[in-house]
Amino acid sequence: MSVTEHSSIAAANPLADYEAHRQEIDEAVQRVLSGGRYILGPEVAAFEQEFASFLGVSDAVGVGSGTDALHVALRVCGVGPGDGVITVSHTAVATVAAIELAGAVPVLIDVDPHTQTMDPHHLEHALRRKAERRIKAVIPVHLYGHPADMPAILQIAKKQDLKVIEDCAQSHGATIHGRQTGTWGDAAAFSFYPTKNLGAIGDGGAIVSNDRSLCVAARLVREYGWRERYVSDLPGLNSRLDEVQAAILRVKLRYLSQDNARRQQVARQYDTALATSGLVLPARRAGYDHVFHQYVVRSTRRDDLKNHLGSHSIGTAIHYPVPIHRQPAYRDRVCIDGPCLEHTERLSQEVLSLPMHPHVTGEQLRRITDSIAAWRTRP
């Protein structure tokens, strides 16, 4: 078969995920449609209980998106207008958008160049300048599915009496020494965007915590501050997980561990095939279970590699091409720790996400890695 006759390989493939569980998902959707309850009903309540049990936390609260989950988590942790929140610039813009939705000020720090997650040393450095800003919370991001260094981050944050809210949008099922991400901080926010390791067929998110009072408050905030319908006890939002998405998530949650294991198998096959490729391959910190939401390689010839793979119908993505502090909406407006964020800015020029999802086949892996080998040796 010639190159042009090959089918394309998607960087992510939520359709394949639906097809793998089509009958169960169709039955779940039909159950909701026939039940007559479409918002915050029994499916949401059951999913919240099952997801909390999977993680090992006291409670989970379903909301409309991962961004909303972060926003609501910040509010119930007492973060408000003028407060500083430290996070990383090498992340999806949703992290910073949520901080601003809470009225707070993002303070962006650099990442560890190996794991590409928050560097505790830069956190310490930023907090030494705390007198310049009123820092109230820290948001570590478990980027690409690799957990941030939560033991070190918590040790630093607790000395300063800061709230810690984990951004788990890419880390469903990832663990640190056997303990799930999302269980380490005061609260955590998950996204169920369709391409996530646990993805809905639409948008959705959840706040989780071992502090039941935070979850009680989050339930009020997500629906207009209502304790009694049509009577707001506090200013709230309209951010509710719907019954269809909750029913679908209940099906897919049953397969999350199996799907994560397949992602890890794909990652190991990439590791072996690309060991002599000259690319910088993903690092893993010992004792940390990486669930590979993305398999991200690095190259100083990143754009050339991306174009080469694209010409062979192999989809890739850049997560993320422009650091948030360099984006038009945020530059000259967010605070950064120092004159530049060296590792973040270099990563934005070098990272490339290869196809990664539980349904990547062995034949597709061979095509991808053979294509990379051909790229490396071409004149």
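Predicted model: local features only at pLDDT ≥ 70, side-chain atom pairs only at ≥ 80, totals over all residues.
Gly84 is located in strand 2, which covers residues 84-88.

Is Gly84 buried or exposed? Its relative accessible area is 4%, and buried means under 20%; Gly84 is therefore buried. Leaving aside neighbours within four places in sequence, Gly84 is in contact with Val105, Arg134, Ile135, Lys136 and Ala137. Another residue, Ile109, stands 25 residues from Gly84 in sequence, and the two C-alpha atoms are 12 Å apart in space.

**The pairing of helix 4 and helix 5**

Helix 4 comprises residues 66-76 and helix 5 comprises residues 93-101. The axes of these two helices come within 8 Å and cross at roughly 40°. Angles under 35 degrees count as roughly parallel, and those from 65 to 115 as roughly perpendicular; helix 4 and helix 5 are therefore oblique to each other. Their crossing is right-handed.

Which residues of helix 4 and helix 5 meet? Helix 4 contributes Thr67, Leu70, His71 and Leu74, while helix 5 contributes Ala94, Thr95, Ala98, Ile99 and Leu101. Of the residues in this contact, six are nonpolar, three are polar and none is charged.

**Backbone features in the loops**

Most residues other than glycine have a negative phi, and most peptide bonds are trans. Two of them concern phi, and the table sets them side by side.

| Residue | Phi | Loop | Relative accessibility |
|---|---|---|---|
| Leu40 | about 45° | between helix 2 (22-35) and helix 3 (42-55) | 16% |
| Phe292 | about 50° | between strand 12 (288-289) and strand 13 (295-298) | 2% |

Leu40 has a positive phi although it is not a glycine. With a relative accessibility of 16%, Leu40 counts as buried, because buried means under 20%. Phe292 likewise has a positive phi without being a glycine, and at 2% relative accessibility Phe292 also counts as buried.

The remaining place concerns a peptide bond. Where is Tyr320 found? Tyr320 belongs to the loop between helix 11 (302-311) and strand 14 (335-336). The peptide bond that leads from His319 to Tyr320 is cis, with omega near 15°.

Note on methods
Residues numbered from 1 in each chain as written. Heavy atoms only, no water. Axes fitted to C-alpha atoms, helices over the stretch in contact; angles between N-to-C directions. Helix = DSSP H or I, 4+ residues; strand = E, 2+ residues; numbered from the N terminus. Parallel < 35°, antiparallel > 145°, perpendicular 65-115°, else oblique. Left-handed = near helix turned anticlockwise from the far one by under 90°. Contact = heavy atoms within 4.5 Å. Nonpolar A, V, L, I, M, F, W, Y, C, P; charged D, E, K, R; others polar. Buried < 20%, exposed > 50% of the residue type's maximum accessible area, 1.4 Å probe, protein only.
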